[in-house]
Amino acid sequence: MSSLAREVAVVGVGYSELSRTGEPNPNALALAAAKSALTDAGVTSADVDGIFEYKFGPESPWAQDMARLLGVPDLAAFADIFPSGPSGLAGALAGVMAVASGACETALVYRCLTRAAGHQGGVASGPETVSGRDQFLTPYGYLGGILVLLGLKKQRWMAEYGRPEEDFGRIAVNARRWSALNPRAVMRDQLTMDDYLSSRMVADPLRVLDCDYPVNGAVATVITTAERAADLRHHPVLVDAMAYATGRGADWMFDTDFLYGGAGDCADRLWGRSSVTAADIDVAQVYDGFTPVTVAWIEALGACGRGEFGDWVGDGSRLGPGGDFPLNTAGGQLAEGRLHGIGFLNEAVLQLRGQCGDRQVPDARVAVVTSGVYPQCGAMVLTRV
Amino acid sequence: MTQMDVRVHADPRPVPAPDDVSRFYWEAAANHRLVLQRCRSCHKMQYPPEICCVHCQAEDFDAAETTGRGVIYSYSVVNRPLHAGFVDALPYVVALVELDEQPELRVLTNLVDVPPGTPLSCGLPVEVVFEERGSVTLPQFRLLGITS
């Protein structure tokens, strides 16, 4: 029995092609992912009565666009979620809530990204005057999305705990160990710690290999009731628990808990609702937009105590194939490509179904998925019963 | 030519547009004072300015002068341009400074006047200085004991 009002299952996962070049039409990417997810689930567009998506802007089609392109007869529940949510998983969290509440029966959720929307490097032009909260950020060269913020977070982490950069390098190296086993991943060359430590600085001490890799691509997921799921194609994966959190003083820069933001609250809430515990995790899909985010989440989830990641992770092999804490088994956003949370959800589902081929974690029954971080935390526990 | 034109050509970095909530802060900076909101109910200070106290939600503040002293909480060195306005400013240091007045009271700033080769670390003491950028004055911080 889950903590939700109605039992909810994830029944379909879909992907578009992922690419590192070109400017494919976002509607075409999202539609391809949506059709692939519906086919995987064994449902048709006539079954869909809810659509939820997360967007920055025009890189992802609106829910109504998707409904029209798919030929969905009508939507009983829908939302376009702007980027204050827990990254792309926001769409899936909303879909779970809508199905659990009875607002809809079968929800399609997706995240579509383009390199243009995901790339934060380069020289942007910008406003000459800034207002609101930006008054206290932009004049100081706080630019490039949150690159400088992550430089500050990484620096503080190393100072607070007296840890070396290698702790973050374990996450970067691990991503490629898994992506080598994932034909869909865009970055499959293996990395050494030396590669990591010699990669260029983006906002010192944040290195380019601390950052996820922008791609053109879309991911989609179909969510419905456990009752319906019993009649569909695959053995259903159940949503055991879900949680959001912002943490106190909700903010990226001035939050009370600078190193973790809401991750601790989110994890505590998640485990408080779950039928399993952190010790039961078979496979972990942990947000890796930047490596300091992943390290913070792993500690928040309770794999180890605060500041203990470096000692806990050792040489990093426990995170990799054959390890006791398989992490980001598709390569994550660092290596599979930046798919914003839904990529992690889909990989968790494929692992729990036992469909991951060379990278399959044997007999995976419990998966944890986290998305976003700091004031925008979201997480799910998924189980195969 | 207007003053704005002079500013744009002289320094392309963005400047704040003060509003009803922030005006006291920038006006104090123009007088070379670092002044923050201090709640009349719980007496805590906060930054950036808000419409109410984020600690106790009261709505009345005093404008409290600070010593302008603190320590580096964290810092990041930007060596490549992220914005056209900062191309000529490279490299620059973005720092979070924790002020002496109150634990966890942090201000985002640049670390200015850093002598080349000076090793930086979290915890180093800093003091406020003021930068004139066009018609606006920005509080900035430098390492304590550095004179320029």
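The model is predicted.

Chain A contains 13 helices and 12 strands. Its C-alpha trace spans about 55 × 50 × 40 Å along the principal axes. The radius of gyration of chain A is 19 Å, which agrees with the value near 21 Å that a compact globule of 385 residues would have. Of these 385 residues, 58% are buried. Contacts in chain A between residues at least 6 apart in sequence join residues at least 24 apart in 77% of cases.

Chain A is divided into two domains, each built from two segments: domain 1 covers 1-119 + 214-234, and domain 2 covers 146-211 + 240-385. Taken over C-alpha atoms, the centres of domain 1 and domain 2 of chain A are separated by 23 Å. Where they touch, domain 1 of chain A contributes 30 residues and domain 2 of chain A contributes 28 residues. On the domain 1 side, β1 (8-15), α3 (89-101), β4 (106-113) and β8 (217-225) of chain A supply at least two residues each. The largest share of that side, 6 residues, is from α3(A). By class, the domain 1 side has 17 nonpolar, 11 polar and 2 charged residues.

Next comes the sheet of chain A. This is an open sheet of 9 strands with mixed pairing, in the order β3-β2-β4-β8-β1-β9-β12-β11-β10. Strands β3 (77-81) and β10 (283-285) of chain A are the edges, each pairing on one side only. From one strand to the next, the twist averages 25 degrees. Strands of a sheet pair through backbone hydrogen bonds, either parallel or antiparallel. Strand β2 (residues 50-54) of chain A pairs with β3(A) in the parallel sense over 5 bridges, and Phe52(A) stands opposite Ala79(A) in β3(A).

Helix α13 (residues 342-353) of chain A lies across β1, β4, β8, β9, β10, β11 (366-371) and β12 of chain A, and runs at about 175 degrees to β11(A).

In chain B, strand β8 (residues 125-133) and strand β9 (residues 136-143) run antiparallel and are joined by 8 bridges. Val129(B) stands opposite Gln140(B) in β9(B). The two strands, β8(B) and β9(B), form a hairpin with 2 residues between them, and Gly134(B) in the turn has a positive phi of about 60 degrees.

Notes: Residues are numbered from 1 along each chain as its sequence is written. Chains are lettered from A and ligands numbered from 1 in the order in which they are written. This is a predicted model: local features need pLDDT of at least 70, side-chain atom pairs count only at pLDDT 80 or more; totals for chains, interfaces and linings use all residues. Helices (H or I, at least four residues) and strands (E, at least two) are DSSP runs, numbered from the N terminus. The radius of gyration is taken over C-alpha atoms; the globule rule is 2.2 Å times the number of residues to the power 0.38. A residue is buried if 20 or more other C-beta atoms lie within 10 Å of its own, exposed if 12 or fewer, and partly exposed in between; C-beta atoms are placed from the backbone. Two residues are in contact if their C-beta atoms, placed from the backbone, lie within 7 Å. Domain bounds come from an automatic or database domain assignment. Ala, Val, Leu, Ile, Met, Phe, Trp, Tyr, Cys and Pro count as nonpolar, Asp, Glu, Lys and Arg as charged, and the others, Gly among them, as polar. Two strands pair if DSSP finds at least two bridges between them. Axes are lines fitted to C-alpha atoms, for helices over the stretch in contact, and angles run from 0 to 180 degrees between N-to-C directions.
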